[in-house]
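This report walks through a few local features of one protein model. Please look over the sequence and the structure before reading on.

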Amino acid sequence: MSVLVHNLGAFGSGFRLTLALTLASFAGALAIGIVVASMRVSPVAPLRAAGTLYVETIRNIPLLVLMFLFFFGFPKIGIQYPPFPSAVIVLAAYTGAFVAEAVRSGVNTVAQGQAEAARAIGLTFAQSMRLVVLPQALRAVVAPIGNIFVALVKNTALASTVAVVELGRVYTDLITSTAQPVTILLGTAVCYLSLALTGGWIFSVIEHRVAIKR
């Protein structure tokens with residue numbers, strides 16, 4: 001255990017960066033997911049096609065491939081960002097595809113008559129989605145989105161492949177310097193577990209409160 005105590009600073013730094021990476025990526029993914037889900041249920045055919053293309057493309061390419069493509073491939077065409085923003089963009093874009101499907105399933109739970117009533121009183125599609133459909137849809141998918149958040153926490157480990165010094169990179173570096181892989185692995189697992197369990201608990205509380213208000 002002494003190796004963990006002696007390296008608390010490294011674990012703390014990695015933990016904070018992983019937390020920042022998770023929160024920034026999730027905020028981006030939530031925004032992307034809501035927009036893409038709205039596109040997928042839009043009455044405009046090109047928007048539906050674009051939303052479907054995005055979801056099916058992103059979901060079926062491994063995250064590691066997307067990470068390498070963005071960080072090492074895109075600079076060839078003039079698109080280049082530092083490691084942390086690159087990881088946030090890729091994680092948000094990837095996770096956003098899953099959020100979009102979760103939100104779309106929530107939209108499908110809203111009674112069709114409500115959307116028709118919104119149109120009857122003169123609301124546009126965008127207004128109907130923003131004021132009537134999405135608030136109800138998001139309430140219905142708090143638990144699935146919570147599961148996506150937990151998956152995102154674990155996916156942040158791949159940011160180490162593009163030089164982001166989060167928990168995954170700290171784990172690799174400490175194994176090299178201490179030669180105690182089991183102890184370092186246990187410490188890293190506890191950090192990820194604390195993040196995932198805390199996130200899961202927060203979403204459980206949100207789901208409970210939303211369910212009471214309905």
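## Helix, pocket and one aspartate

On the side of α8 that points away from its buried face sit the exposed residues Asn147 and Lys154. The model described here is a predicted one. The buried residues of α8 are Val142, Ile145, Gly146, Ile148, Phe149, Leu152 and Val153. Viewed down the helix axis, these buried residues fall within an arc of 160 degrees, so they line one face of α8.

Helix α8 covers residues 142–155, and at 1.5 Å a residue its 14 residues should span 20 Å; the C-alpha atoms at its ends are 20 Å apart, which agrees.

The largest pocket has a volume of about 260 Å³. Its lining is made up of 15 residues, and Val41, Ala115, Arg119, Phe125 and Met129 are the closest to the pocket centre. At least two lining residues come from each of α6 (112–120) and α7 (125–140). The largest contribution is that of α7, with four residues. The table sorts the lining by residue class.

| Class of lining residue | Number in the largest pocket |
|---|---|
| Nonpolar | nine residues |
| Polar | five residues |

Elsewhere, aspartate 173 belongs to helix α9, residues 167–178. Is aspartate 173 buried, partly exposed or exposed? Its relative accessibility is 37%, so aspartate 173 counts as partly exposed. Between aspartate 173 and proline 62 there is a separation of 111 residues in sequence, and their C-alpha atoms are 25 Å apart in space.

Technical notes:
Residues numbered from 1 in each chain as written. Predicted model: local features only at pLDDT ≥ 70, side-chain atom pairs only at ≥ 80, totals over all residues. Heavy atoms only, no water. 1 Å grid on protein atoms, 1.4 Å probe; cavity = no way out; pocket = protein on both sides within 12 Å on 5 of 7 lines; lining within 4 Å. Points joined across faces, edges and corners; volume = space filled by probe spheres on them. Nonpolar A, V, L, I, M, F, W, Y, C, P; charged D, E, K, R; others polar. Buried < 20%, exposed > 50% of the residue type's maximum accessible area, 1.4 Å probe, protein only. Expected span 1.5 Å × (residues − 1). Arc of directions from axis to C-beta.
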